[in-house]
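Thanks, everyone. Let me walk you through one model, helix by helix. Please look at the screen.

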Amino acid sequence: MRILIVDDYPGAAESTLLLLELLGHECKTALDGQSALAAFASFDAEIVILDIGLPALSGYEVAREMRARPGAKRVFIAALTGWSAAEDRIRSMAAGIDMHVQKPPTRAILEKIVSTATGAS
């Protein structure tokens with residue numbers, strides 16, 4: 001799978017990228033909302049793993065912008081975030097996010113995101 005990882009903490013983005021690459025996926029990272037939107041336009045991701053607490057544009061705003069683009073309906077967007085209250089999950093769904101999971105990104109969580117995105121769960 002082609003996976004775009006969006007997290008404003010470089011260590012988190014890099015560790016998620018490394019684990020997903022070890023699982024055989026092609027990945028790219030972005031550290032803020034604007035970079036995420038630029039990467040989304042050029043990378044042709046099948047899955048976006050998106051932090052919600054980003055500077056400038058929140059993950060909710062990024063997801064809404066992604067969903068407004070042509071072809072974005074086929075992309076699976078998973079929020080991987082420290083924000084896990086019921087209100088956060090409702091806001092994720094309203095923004096077009098398909099799955100909302102809490103950090104940290106363990107191997108099991110990342111495998112669950114991929115399997116859900118591919119319908120293998």
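Start at helix α5, where Leu-110, Ile-113, Val-114 and Ser-115 are buried. Buried means under 20% relative accessible area, exposed means over 50%, and partly exposed is in between, with a 1.4 Å probe and protein chains only. Helices (H or I, at least four residues) and strands (E, at least two) are DSSP runs, numbered from the N terminus.

A word on the source. This is a predicted model, so local features need pLDDT of at least 70 and side-chain atom pairs count only at pLDDT 80 or more, while totals for chains, interfaces and linings use all residues. Residues are numbered from 1 along each chain as its sequence is written, and side-chain values use heavy atoms, with hydrogens and water left out.

Back to α5. What do its buried residues pack against? They pack against β1 (2-6), α1 (10-22), β3 (47-50), β4 (76-81) and β5 (99-102). Contact here means heavy atoms within 4.5 Å.

Now the length check. α5 covers residues 107-118, so its 12 residues should span 16 Å at 1.5 Å a residue. The expected span is 1.5 Å times one less than the number of residues. The end C-alpha atoms are 16 Å apart, which agrees. Just after α5, Gly-119 takes a positive phi of about 80 degrees.

Next, α5 and its partner α1. Their axes come within 11 Å and cross at roughly 65 degrees. That makes α1 roughly perpendicular to α5. Axes are lines fitted to C-alpha atoms, for helices over the stretch in contact, and angles run from 0 to 180 degrees between N-to-C directions. Under 35 degrees counts as roughly parallel, over 145 as roughly antiparallel, 65 to 115 as roughly perpendicular, and the rest as oblique. On the α1 side, Thr-16, Leu-19 and Leu-20 meet Arg-107, Leu-110 and Val-114 of α5.

Gly-33, Ala-36, Leu-37 and Phe-40 of α2 make the contact with Val-62, Glu-65 and Met-66 of α3. This crossing of α2 and α3 is right-handed.

On to the cores. A nonpolar core is a set of buried Ala, Val, Leu, Ile, Met, Phe, Trp, Tyr and Cys residues joined through side-chain atoms within 4.5 Å. The largest has 24 residues, and Leu-4, Val-48, Leu-50 and Met-66 have the most contacts inside it. β1, α2 (33-43), β3, α3 (59-67) and β4 each supply at least two of its residues. α2 gives the most, with 5 residues. Apart from this core lies another, of 15 residues, among them Leu-17, Leu-20, Val-101 and Ile-113.

Last, the backbone. Where is the cis peptide bond? It joins Lys-103 and Pro-104, with omega about 5 degrees. Pro-104 lies in the loop between β5 and α5.

Asp-44 has a positive phi of about 60 degrees although it is not a glycine. Asp-44 sits in the loop between α2 and β3. It is partly exposed, at 44% relative accessible area.

Ala-56 also has a positive phi, near 65 degrees. Its place is the loop between β3 and α3. Ala-56 counts as exposed, at 83% relative accessibility.

Technical notes: A crossing is left-handed if the near helix is turned anticlockwise from the far one by less than a right angle, and right-handed if clockwise.
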